[in-house]
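Dear colleague,

I am handing over the structure below, and after it I set out what was found in it. Please read the notes with the coordinates open beside you.

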Amino acid sequence: MATKAINNKDTCRAAAVFLTLTGIIYLLDRWIDFADCGLAWVTQKDTMLLYASVVFLWFKSDKSVGIILAGIWLIQNINLVTELLGQMSSYLLPTSLLAVGVILYFISSK
């Protein structure tokens, strides 16, 4: 019962920090207009997902929500990841996806 209360408190704290951060970013965007500064990526939807994953990883003791959000961001931005990896991505990405899938399968089956 105590861990559930702590988990709910962590979730509320992480959600509060994320909503506050989102509000600050959008308020700054109204004042500064990030697009005019060449920073349009700051307010994109997928970047907000990355912000949420970082906040949930930072403030929540159970890291599963943050990891899932980061995974969704990674899937949405797979082109960026493959560009950053360059030639290595043709072997590294499929191999790492395969390894993570096998590891998750064995962890979930225990």
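UniProt positions are given in the numbering used here, with feature names shortened, and such annotations may be inferred rather than shown by experiment. This is a predicted model, in which local features need pLDDT of at least 70 and side-chain atom pairs count only at pLDDT 80 or more, while totals for chains, interfaces and linings use all residues. Residues are numbered from 1 along each chain as its sequence is written, and side-chain values use heavy atoms, with hydrogens and water left out.

The unreviewed UniProt entry annotates residues 12-32, 38-58, 65-82 and 88-107 as "transmembrane region". Residues 38-58 are 67% helix and 0% strand, with 28 Å between the end C-alpha atoms, and residues 65-82 are 94% helix and 0% strand, with their end C-alpha atoms 24 Å apart (helices are DSSP runs of H or I of at least four residues, strands runs of E of at least two, numbered from the N terminus).

Helix α3 (residues 64-76) packs against helix α4 (residues 78-85) at an angle of about 75°, the axes being 4 Å apart (axes are lines fitted to C-alpha atoms over the stretch in contact, and angles run from 0 to 180 degrees between N-to-C directions). The two helices, α3 and α4, are therefore roughly perpendicular, a term for angles of 65 to 115 degrees. Trp-73, Leu-74, Ile-75 and Gln-76 of α3 meet Ile-78, Leu-80 and Val-81 of α4, where contact means heavy atoms within 4.5 Å.

Finally, Tyr-105 counts as exposed at 55% relative accessibility (exposed means over 50% relative accessible area, with a 1.4 Å probe and protein chains only).

Best regards

How values were computed: Parallel < 35°, antiparallel > 145°, perpendicular 65-115°, else oblique. Buried < 20%, exposed > 50% of the residue type's maximum accessible area, 1.4 Å probe, protein only.
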